[in-house]
Amino acid sequence: MSTAPTAVQPLPRGSLARTVGRRARDWAPAAIVFVVGIAAWEGLVRGLDVERFLLPPLSDILQTFWEQRDTFVSAGLFTFKEALGGFAIGASAGILVAIVLARWRWLGAALLPYAIAANAIPIIAFAPITNNWFGILSPASKMAIAAVICFFPVLINTLRGLTSVQPAAIELMRSYAAGELEIFRRVRIPNALPYIFTALKVATVLAMIGAIVGDYFGGSDQALGILIRRSAGIFAFEEAWAAILVACVLGIAFYAAVALVERLTMGWHVSSRGSE
Amino acid sequence: MLRRALVFVAVLAGLVALYEGYKWIWETAGFTWPFVVNDRTMPHTWDIVGQLFEPSRTNGPLLIEVLWDAALFTAKEAAVGFALGAAAGFLIAVVLVHSGFLRRGLMPYIVASQTVPILAIAPMVVVWLGGRGLPPWFPVSVIAAYLTFFPVAINAIRGLESADPRALELMQSYAASRWSVLWKVRVPASLPFLFAAFKISATASVVGAIIGELPASIQDGLGGAILNFNQYYASSPESLWATNLIAALLGIAFFLAVLGAERLVVRRAPEHVA
Amino acid sequence: MTRAPVVALTGVRKEFGRGGVVALEGIDLEVAAGELVSLIGPSGCGKSTLLRIVGDLTPPTSGEVVVNGKSARQARVDRDYGMVFQDAVLYDWRTVAKNIALPLEMLGWDRKRRAERVEEMVGLVELTGFEGHHPWELSGGMQQRVAIARALSFDPALLLMDEPFGALDEMTRERLNMELLRIWQQAESTILFVTHSISEAVFLSTRVVVISRRPGRIAGIVAVDLPQPRTVETREDPRFFELVTEVRELLRAGRGVGAVDAVDEEVAQ
C-alpha cells in the first residue's frame, strides 16, 4: 500500500531521448562485458590448447549444434514439455493450496513452517522413486519431480502475498461490509500478484532443473539431461556444451515468457519498482 | 513449547495418515492412475522406518549406520561448497558495490544466471576437476559452491546497497574510511538479505552435492547410496525410500542450521500484517 | 422538529482482554446531523477505538451504539458511513479513479453511474487530471484527498476520520483543513474526526469532545462558536485562541491536575 508522507511530484511523462540516453549509459558496461567475454572465449580458448577439449570455442559449439540440430531441438522440446507440465501442475497446486491456507488461517499458520521445511528437501533425490512409479523412460516421472519442486516455493510465496496485507486495508473493506470472498477478490489476490509472479519466475528455473537433472538418475534417450551426461561421459564436449546451451536458452525463454506475462498483467507494479 | 510439539506430532501423524490412506484406497479400488499402487511402489511408512534398522546387506552394518556415514560425507561436501560459494558471492558483491562500472557490467549476467539451469553443468565440472590430484569429492563441493554463489551474490549486493542513506551520510560526516563504512553500516544492513540467500543456498548446496556425486561416481555419499539402492529397488524398495528420507532430513538440517544462525545474528522487528 | 442524531452513544465502555485494559468508560455522546465533531485526547486515550466502535469495526464491551437510527452493525452493513484513516490505504494496483470507485463497485453501481460519480468526486477534491495516476505517483496530501473522495463517493450520512492529516506537514495540513470544510459544507455530511492537534480540532469543529487519558472518559465538550464559513483569518481571531486554551485546559485536567509531561508537547499547537 502506498505511504508517501513526503511530497512527491507526479512522474513526468518524460522525453524519449532522455530515457534512451539514460538507458544506454546503464546498459553500456554490460554490453561491453558481453563483447569482451565472447571475444575472450574465442581467443583464449583457441590460444590455450590445454583447456580446449573441455571448453570448445563458441563457434565450434554452435557448429556442432547446427549439424545435429534435429537431435538437439527434439531433445530440448522433449525436456521442455516435462518442465512445462511439471510447472503447470506444481504452480497451480501451490496457488490453490495457498488460497485454502489463507482462507483458513489457523491451518495455514500450523502448516507454513512445514512447507518451508519441505522446501529444504532435495526433491530431486526422489527421481529414482518417480522413475519406479511411471517408468524410467516416461516423461511423467520427470514431470512429477518438476511439479513437486515448483509446488513449495509457489505455495510459500503465494501464501505470504495473500496474508501480508495492511490491517487498515482489511478494515476498510469491513467498513464496506465486505464478505471474506470479496476481501479475497479485491484485496488479497491483487496484493499477492507480485509475490506470485516472483515465485512463478523462480519456478520456471526449478522446473527446468527438475526435468534436466532428474535425468541424471536415469531417463529417456530423447531427453536433454541424458544427452548432456552421455556426451560428457564420452568426452564429446562440443555436443555436451551444445546441449547445455539449448538448456540455457530454453530456461531463459521460459523465464522471459513468465516475465512478459507479469509485465502485461501488472504494468503498474513493475514500473513502480523500477529496474529489478 | 508443548503446543508446538503437539502440532508437530499432529502434522506428522496427519501426513502419515494421508500417505497410508491414499495407499489403502488406491490398492483397494485398484486405480492405475497416476500409477499403480502396491507395496513395491509405495511401501508402508513403518516398513521404511523399520528398514533403517535392518542390515544394509547380509551380515553388513545396519542401514541407518550406512546412511548416517553417507549423509555426513555429503554434508561435508555441501558445507565446504556452501562456505566457498558464500564467501565468493559476498566478495564479488563487495567489489561490485564499490565499482559502478563493474556492477552495471556484470549484474545482468549474475541475474541472468538465475534463469538458467546451472546444475546441468555438473557433469562438465566433474570432468574438468577430476583426476588432478584433488580429492574426488572436491568437484562436488565446487558444484555446491557454484549453486550457492549466485543467490548470495545477488542478495549481498541488494543488502549492501540497502543501507539507510542517512546512516551513510552520518559516516561521511565522520570522514570514515570506505572500509569502516562497509563494516559498520553496509554489512549489518545486508544481514537479513544474506540470510534469505543462505536459506536458499543451504538447500541448493545439498542438492548440488547429491547431484554432483552422480557423474563423479562417488560411492560414499547419499547420491551414491541412492543410485545403489535404486539398483536393488525390486528386492528392497524400503531401502531406497529410507535413503531418500535421510536425504530429506539432511536438507532440513542444513536449513535449520541457517535458521538457528539467523536467530542468533539478526534481530528484526516483527511485521504487522493481517 | 429536530432530526434524530446521526450518532448516539450511551454508556459505552470498552475493555480489552478479560479484566484487562479499560480503554473507554461511560461514554455518552450525541452527534447531530451536519455537525463536525472532533475527538481529541492524549495518546492511548481510546479516541480511535471510539471511532471504530461507531464504525462497528470493534464491539463495545457494554453500552449502546445507535448510528443513523440503527445498530452500529446494521449501519455498517447498510454502508451508512465512510471511513478515512491516517494512512490513505489506497490500493496500489488501482488508479485514482478506480480507487474512488471501489465502494461503488461493491454497491453494484453500473459503469456509467460510477464514472459520473467519480468525475464529480474528483472535482470535489480538486484532483482533476489525476484520475489515471497510481497512488505512488501522488504526494501524501493528494493521496488523502483521494481517500476522502472515496469515503464520500457513495454519499454516506456519516464520515469517520481517524487523524487523516496526521502524517502531513503543517502547511499541507492547514490547506487540507480548508478543503475538508469546503467539502463538508458542499456535501452536507456529518463528520466525526479524531485528531491530535488542538488547533485543527478547534478550527474544523462545531464541537470539540475532549477525552481524558485511559480509561477514556469525556473530560468536557467545547462548543466552537466561531463564525462559519471558517477562513484563514479565523486562526488569528482572539476567540480562536480562547477556545484553544479552553480545550488545552480540559486536556490537562483530563490527565491529572498540574501534571506537565510529554503529552503536553504532543498535543501542543
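## Terms and model

Helices (H or I, at least four residues) and strands (E, at least two) are DSSP runs, numbered from the N terminus.

Residues are numbered from 1 along each chain as its sequence is written, while chains are lettered from A and ligands numbered from 1 in the order in which they are written.

## Chain A: fold and confidence

Chain A has twelve helices and zero strands. Along the sequence the pattern reads α-α-α-α-α-α-α-α-α-α-α-α. Of its 276 residues, 41% are buried. A residue counts as buried if 20 or more other C-beta atoms lie within 10 Å of its own, as exposed if 12 or fewer do, and as partly exposed in between; the C-beta atoms are placed from the backbone. Two residues are in contact if their C-beta atoms, placed from the backbone, lie within 7 Å. Among contacts in chain A between residues at least 6 apart in sequence, 73% join residues at least 24 apart.

pLDDT is the predictor's confidence in each residue, from 0 to 100. Its mean over chain A is 83, and 85% of the residues of chain A reach 70 or more. Residues 1–13 of chain A stay under 50, and the model has 26 contacts beyond four places in sequence for them. Residues 271–276 of chain A are also below 50, with three contacts beyond near neighbours in sequence. Where pLDDT is low, the predicted coordinates should not be read in detail.

## Chain B: fold

Chain B has ten helices and zero strands. Its pattern along the sequence is α-α-α-α-α-α-α-α-α-α. The C-alpha atoms of chain B fill a box of roughly 75 × 55 × 35 Å along the principal axes. Buried residues make up 41% of the 274 residues of chain B. Of the contacts in chain B with a separation of 6 or more, 75% join residues 24 or more positions apart. Helix α7(B), residues 165–173, lies largely in the open, because zero of its nine residues are buried.

Domain bounds come from an automatic or database domain assignment. For chain B the assignment gives domain 1 (1–42) and domain 2 (61–265). The centres of these two domains of chain B, taken over C-alpha atoms, are separated by 32 Å.

## How the chains meet

Two pairs of chains are in contact, and chains A and B share the most contacts. Chains B and C do not touch: their nearest C-alpha atoms are 14 Å apart.

The contact between A and B takes 45 residues from chain A and 46 residues from chain B. On the side of chain B that touches chain A, the elements giving two or more residues include α1 (2–29), α8 (178–213) and α10 (237–265) of chain B. The largest share comes from α10(B), with nine residues. This side of chain B divides into 35 nonpolar, nine polar and two charged residues. Here Ala, Val, Leu, Ile, Met, Phe, Trp, Tyr, Cys and Pro count as nonpolar, Asp, Glu, Lys and Arg as charged, and the others, Gly among them, as polar.

## Chain C: strands

Two strands pair if DSSP finds at least two bridges between them. In chain C, strands β1 (residues 7–16) and β2 (residues 21–31) run antiparallel and are joined by seven bridges. C:Phe16 stands opposite C:Val21 in β2(C). This hairpin has four residues between the strands, and C:Gly17 takes a positive phi near 70°.

Six strands of chain C form an open sheet of mixed pairing, in the order β6-β7-β8-β3-β9-β10. Neighbouring strands are turned by 15° against each other on average, direction ignored. Strands β7 (residues 158–162) and β8 (residues 190–195) of chain C pair in the parallel sense over five bridges. C:Asp162 has C:Val194 in β8(C) as its bridge partner. Helix α1 (residues 47–54) of chain C packs on the sheet, touching β3 (36–40), β7, β8 and β9 (207–211) of chain C, and its direction makes about 150° with that of β8(C). Axes are lines fitted to C-alpha atoms, for helices over the stretch in contact, and angles run from 0 to 180 degrees between N-to-C directions.

## Chain C: domains

Chain C is divided into domain 1 (7–80 + 157–266) and domain 2 (89–155). Their C-alpha centres lie 25 Å apart. Domain 1 of chain C gives 13 residues to the contact, and domain 2 of chain C gives twelve residues. On the domain 1 side, helix α6 (residues 170–187) of chain C gives the most, with six residues. That side of domain 1 of chain C holds eight nonpolar, three polar and two charged residues.

Notes: Predicted model: local features only at pLDDT ≥ 70, side-chain atom pairs only at ≥ 80, totals over all residues.
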